[in-house]
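Here is a short briefing on a protein and its ligand. Look over the sequence and the structure, then read the points below.

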Amino acid sequence: MSATFWSVIGGCGMSLPNKVIKNNDLAETLDTNDEWIRTRTGIEQRHIASQSDSVALLGTNAANNALLAAKVAAADVDMIILATTSPDHFMPATATKIQHQLGATKACAFDIQAVCSGFIYALSIADQFIKTGAMSNVLVIGAELMSRMVDWNDRSTCVLFGDGAGAVLLRRSLEPGILSTHLFTDGAGYDMLFVDHSDEKFKRGKIVMNGRAIYSTAINVMESSIKTALTHNNLNITDIDWFVAHQANKRIIDSVSTKLGIPSEKTVVTINSYANTSAATIPISLAVTNINKGDLVILSAMGAGYAWGSAAIRW
Ligand code: ACO
């Protein structure tokens with residue numbers, strides 16, 4: 001009988017641009033204020049890239065930190081999946097540059113695009129390759145420069161986003177790790193959040209968003225995706241040690257926690273420091289949370305597309 005393989009998180013890492021912009025800094029050029037941003041979103045500040053930053057650079061640094069934490073050499077990585085909605089170029093995949101910068105010479109590398117749910121989508125893909133026994137070490141990275149896509153004159157969107165990268169090294173194990181991933185899409189939400197290229201063909205456009213529609217949909221689908229994960233694994237809310245949600249709005253996260261009865265001390269909140277870094281919010285949150293071996297971690301994300309999903313992980 002063949003062995004049952006699991007993917008376990010071997011190590012986490014993150015990387016942020018140095019420059020920090022506080023809410024009050026934005027109020028100098030925009031009709032906004034710290035109180036509005038803080039109470040409506042939970043955001044206090046965000047890290048914003050300089051000209052010399054790139055998704056590849058942040059992604060490489062985050063991945064290097066994950067490799068160090070996992071004590072795995074770059075040369076032993078089999079696959080690199082970068083979740084990003086802000087790649088350095090339309091082609092080639094930014095993951096290829098990360099592969100080169102890491103010196104991960106035997107790894108295949110590619111990008112996937114599922115916006116804010118990108119990390120969970122990438123984690124799910126990586127998990128399939130490890131579970132079959134095809135791969136031993138897979139780097140899953142979420143890296144974004146959202147600041148290059150926001151309209152800095154649009155106060156309803158630009159205050160929400162930040163730049164950054166997070167990464168995990170997934171390794172093959174005979175002990176349980178990722179218990180399940182569930183992915184969902186509803187393209188009926190396609191025009192609720194998108195980057196508009198219409199007037200600048202072949203150039204990078206700006207984010208257009210129906211915030212209220214996304215807000216209520218996010219609460220509903222994140223709640224249902226978490227229930228799906230728990231039911232699939234025969235687990236209860238009380239089994240959860242950490243709820244790590246995509247960080248788009250603290251009120252969304254709090255609503256999901258309250259509806260499900262997840263205590264606030266088990267609900268990870270990092271949006272105050274880093275804002276919405278799209279595919280990077282979950283791996284950044286994992287990197288800054290003190291998760292113990294054996295803890296049950298539930299991930300959930302929802303974003304543009306609409307695309308959403310959940311993952312249940314035994315740490
Ligand atoms: N500062 C001050 N006032 C503002 C700002 C601002 N930055 N932005 C909007 N306002 C004003 C509006 O103009 C409006 O004024 P009015 O009443 O005079 O018309 C008022 O504040 C209320 O605006 P709403 O849009 O109704 O505010 P709401 O409470 O819904 O909060 C928000 C808006 C924060 C965007 C919320 O709807 C939200 O977080 N939605 C989810 C968005 C999201 O998650 N996006 C990312 C998805 S993930 C991804 O894929 C990238």
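In this predicted model, a polar side-chain atom of Asn249 sits 2.7 Å from an oxygen atom of the ligand.

- Arg155 places a polar side-chain atom 2.9 Å from a ligand oxygen atom.
- The side chain of Trp36 has an N or O atom 3.2 Å from an oxygen atom of the ligand.
- On its own, the ligand has 1000 Å² of accessible area, and the protein covers 75% of it.

**The shell around the ligand**
- Helix 2 (34–41), helix 6 (155–158) and helix 7 (211–232) are the elements that each give two or more residues to this shell.
- Helix 7 gives the most, with four residues.
- There are 25 residues around the ligand, and those that come nearest are Thr32, Arg40, Cys116, Arg212 and Asn249.
- By type, the shell holds 12 nonpolar, eight polar and five charged residues.
- Domain 1 (6–173) and domain 2 (178–314) each supply at least three residues of the shell.

**The largest nonpolar core**
- This core has 43 residues, and Phe243 and Met302 touch the most other members.
- Two or more residues come from each of helix 7, strand 11 (242–245), helix 8 (250–260), strand 13 (296–303) and strand 14 (307–314).
- Helix 7 provides the largest share of the core, eight residues.
- The core also draws at least three residues from each of domain 1 (6–173) and domain 2 (178–314).

Key. Residues numbered from 1 in each chain as written. Predicted model: local features only at pLDDT ≥ 70, side-chain atom pairs only at ≥ 80, totals over all residues. Heavy atoms only, no water. Near = heavy atom within 4 Å. Polar contact = N/O pair within 3.5 Å; in protein donor to acceptor, adjacent residues only side chain to side chain. Areas by Shrake-Rupley, 256 points an atom, 1.4 Å probe, with all protein chains shown as cover. Nonpolar A, V, L, I, M, F, W, Y, C, P; charged D, E, K, R; others polar. Domains from an automatic or database assignment. Core = buried A, V, L, I, M, F, W, Y, C linked by side-chain atoms within 4.5 Å. Buried < 20%, exposed > 50% of the residue type's maximum accessible area, 1.4 Å probe, protein only.
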